[in-house]
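Let's walk through this model together, one question at a time. Keep the viewer open as you read.

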Amino acid sequence: MENIYSKLRNLAKSVRAQNLFVAVKELHGVQLFRNNFDFSKLQEIYLSFLYMYDTINRDIIVDKISEKVLDCELYEDAYMTWRRKNNKKSEKEDKSKKDVNLVVGKKINFPIKEK
Amino acid sequence: MKDRLNDAERIISEMEKENGLAKVEDLIKDNSIAFEHEGKKYRIHLLNLVEKEELDLFRRRKFGQLLKDPDILLEKDLIALYKERGEDIGEIDEQIKKLESENFGLQMKLGEAISKNDGEQIFQTYKEQIQALIVQVQVLKTQKILLLEFSLENNLLTYVAQIITYLSLDEDRGGNWIRMFKSLEDFQNHKDEELINKAAQYSMILQYI
């Protein structure tokens, strides 16, 4: 039972598991597990790894990062930590930009529709 | 010849990997784990609501018992006692916190380097630094676990793990899964330790890890 996390990771990382995960997301009626609720801790952890590798693979496909990231678990974790933090930062920036547009009293000049 | 040997080694290693993955797949295909022991079939299932209530009852009863025992100290009292003797667990916690924060900083730098594709040499440097920190944290955490091994909280956790195993172990009787033990006493007096240990491992990874 040693390294169960590592084994779950390897399974979630495999091409077969990732293909199945994509199918589950896109096709109605395809299931990952026999049960659809009451997930075990093990299943929950596996699901989070599936999401993690799905994100990494999508970033590789759009050339955001190189495949090198998949060379070691430490690289994968570090990239995901950095990515999460960066996403939060950009979400905050987006929100503050929107807030500026919502300042009360700010005059907005809508273009007049020509008749 | 050498190429053939390399190919054979690669194929064997791939087969072993596949085999290992198939075993893990077996553990997650549903929310129970079936296994064999000495030719008989057993299963660990997730606790249902009634069993969870039963577990809670056992836990509360045991907590009351442990509180009355003068030989068992609460974690906070044990920590105070250690401090009097010159062993500061608070200090260990502080060190862990500091190292984990350092680790987080390095992870962010490595993550950024990966996003910029800065190159293997830079990745490797960060990797080694992070690995060194992980080892230091593990040493400190093990030290803390050993110091608090006999705390009331730890006693209770061990007991709860035992009760979960007792409540979740089923045996196959003619194709039906039946709860193996009728009472905690039966479970505690059961002779086959190997079966109980196996069941305990599976029940922990299924609902606890």
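Domain bounds here come from an automatic or database domain assignment. This is a predicted model, in which local features need pLDDT of at least 70 and side-chain atom pairs count only at pLDDT 80 or more, while totals for chains, interfaces and linings use all residues. Residues are numbered from 1 along each chain as its sequence is written, with chains lettered from A and ligands numbered from 1 in the order in which they are written.

Q: What distance separates the centres of domain 1 and domain 2 of chain B?
A: The assignment gives chain B a domain 1 (37-72 + 152-209) and a domain 2 (73-149). Taken over C-alpha atoms, their centres are separated by 33 Å.

Q: How many residues of domain 2 of chain B are in contact with domain 1 of chain B?
A: Two residues are in contact if their C-beta atoms, placed from the backbone, lie within 7 Å. By that rule, four residues of domain 1 of chain B meet residues of domain 2 of chain B, and the number on the domain 2 side is five.

Q: Which element gives the most to the side of chain A that touches chain B?
A: Here 31 residues of chain A are in contact with 27 residues of chain B. Helices (H or I, at least four residues) and strands (E, at least two) are DSSP runs, numbered from the N terminus. On the chain A side, α1 (4-13), α3 (41-61) and α4 (73-101) each give two or more residues. With nine residues, the top contributor is α4(A).

Q: Are α1(A) and α3(A) parallel or oblique to each other?
A: Axes are lines fitted to C-alpha atoms, for helices over the stretch in contact, and angles run from 0 to 180 degrees between N-to-C directions. The two axes come within 9 Å and cross at roughly 45 degrees. Angles under 35 degrees count as roughly parallel, over 145 as roughly antiparallel, 65 to 115 as roughly perpendicular and the rest as oblique. The relation of α1(A) and α3(A) is therefore oblique.

Q: Which strands are at the edges of the sheet in chain B?
A: Two strands pair if DSSP finds at least two bridges between them. The open sheet has four strands in the order β1-β2-β3-β4 (chain B), with antiparallel pairing. Pairing on one side only marks the edge strands, β1 (32-37) and β4 (176-179) of chain B.

Q: Which residue of β2(B) stands opposite S32(B)?
A: β1(B) and β2 (residues 40-45) of chain B pair in the antiparallel sense over six bridges. Opposite S32(B) stands H45(B).
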